[in-house]
Amino acid sequence: MRKEDCYLLGKITRRHGLAGNVILKLDTDQPELYNKLESIFVEINGLLVPFFIAKTSWSKSDALNISFKNSTEALVDQSLGKNVYLPLSTLPKLSGKQFYYHEIIGFTIFDEENNNCGVIESVNDQTAQNYFVTNFGGKEIVIPIIKDWILEVNRDEKFIKMQLPEGLIDVFLIPLKKDE
């Protein structure tokens with residue numbers, strides 16, 4: 001399994017008890033989708049290694065207590081502190097204005113008047129306000145991801161239409177005039 005074909009599910013944070021169980025801290029808005037996991041991929045030395053699951057139970061609302069099949073101390077030690085992935089094919093399909101961040105890379109953003117606002121190069125979700133990072137004619141433009149601003153997500157034609165505040169794009173395109 002290649003990392004590009006997977007998405008980050010979470011991280012194995014610590015041991016749980018003495019029976020070789022671990023705690024998987026989930027990085028998702030919908031943890032309930034993951035209560036019947038059969039296997040996971042753990043990133044070890046840059047490779048995704050399959051781990052098969054004997055049973056799971058909830059530790060907290062966003063953390064699973066996992067027991068691996070054929071678990072050994074060495075297996076548990078290898079998994080501690082490691083990122084956990086699942087294949088992209090396991091994600092439920094979204095429709096309408098909902099989207100996964102990985103699926104809209106390369107989409108063009110248009111405003112209400114169909115003005116091109118750039119092609120999405122990445123999504124920053126490491127701050128309180130998530131935002132698109134677009135490239136418009138070689139310039140980087142940052143557009144906040146606000147649900148109410150999103151008017152349409154067209155997967156076939158690969159674009160997102162947004163209602164953007166007047167002047168937002170100009171902030172990135174008009175050169176600064178220095179105070180005299």
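Predicted model: local features only at pLDDT ≥ 70, side-chain atom pairs only at ≥ 80, totals over all residues.
Residues are numbered from 1 along each chain as its sequence is written. Local features need pLDDT of at least 70 and side-chain atom pairs count only at pLDDT 80 or more, while totals for chains, interfaces and linings use all residues; side-chain values use heavy atoms, with hydrogens and water left out.

**Pockets**

A pocket is an open set of points, on a 1 Å grid over the protein atoms alone, where a 1.4 Å probe fits, with protein on both sides within 12 Å along at least five of seven lines; lining residues have an atom within 4 Å of a point. A volume is the space filled by probe spheres set on the points, which are joined across faces, edges and corners. In the table, Ala, Val, Leu, Ile, Met, Phe, Trp, Tyr, Cys and Pro count as nonpolar, Asp, Glu, Lys and Arg as charged, and the others, Gly among them, as polar.

| Pocket | Volume | Lining residues by class |
|---|---|---|
| Largest pocket | about 1,300 Å³ | 16 nonpolar, six polar, five charged |
| Second largest pocket | about 230 Å³ | six nonpolar, three polar, five charged |

Asp29, Phe99, Tyr100, Tyr101 and Asp125 are the closest to the centre of the largest pocket, out of 27 lining residues. Strand 1 (residues 6-16) provides the largest share of that lining, four residues. Helices (H or I, at least four residues) and strands (E, at least two) are DSSP runs, numbered from the N terminus.

The second largest pocket is lined by 14 residues, of which Asp111, Glu113, Asn115, Pro165 and Ile169 are the closest to its centre. Strand 8 (116-124) and helix 2 (168-173) each give two or more residues to this lining, and helix 2 gives the most, with four.

**Hairpin**

Strand 9 (residues 131-136) and strand 10 (residues 139-144) pair in the antiparallel sense over six bridges; pairing requires at least two bridges found by DSSP. Tyr131 stands opposite Pro144 in strand 10. Two residues lie between the strands of this hairpin, and Gly137 in the turn has a positive phi of about 60 degrees.

**Nonpolar cores**

A nonpolar core is a set of buried (under 20% relative accessible area, 1.4 Å probe, protein chains only) Ala, Val, Leu, Ile, Met, Phe, Trp, Tyr and Cys residues joined through side-chain atoms within 4.5 Å. The largest has 20 residues, and Leu9, Leu24, Tyr34, Leu37, Ile40, Ile66 and Phe68 touch the most other members. Strands supplying at least two residues of this core include strand 1, strand 2 (21-26) and strand 5 (63-68). Phe68 is in contact (heavy atoms within 4.5 Å) with residues including Ile12, Val22, Ile40 and Leu75. A second, separate core of 19 residues includes Phe107, Ile141, Ile143 and Val153.

Notes:
Buried < 20%, exposed > 50% of the residue type's maximum accessible area, 1.4 Å probe, protein only. Lists of a residue's contacts leave out its neighbours within four places in sequence.
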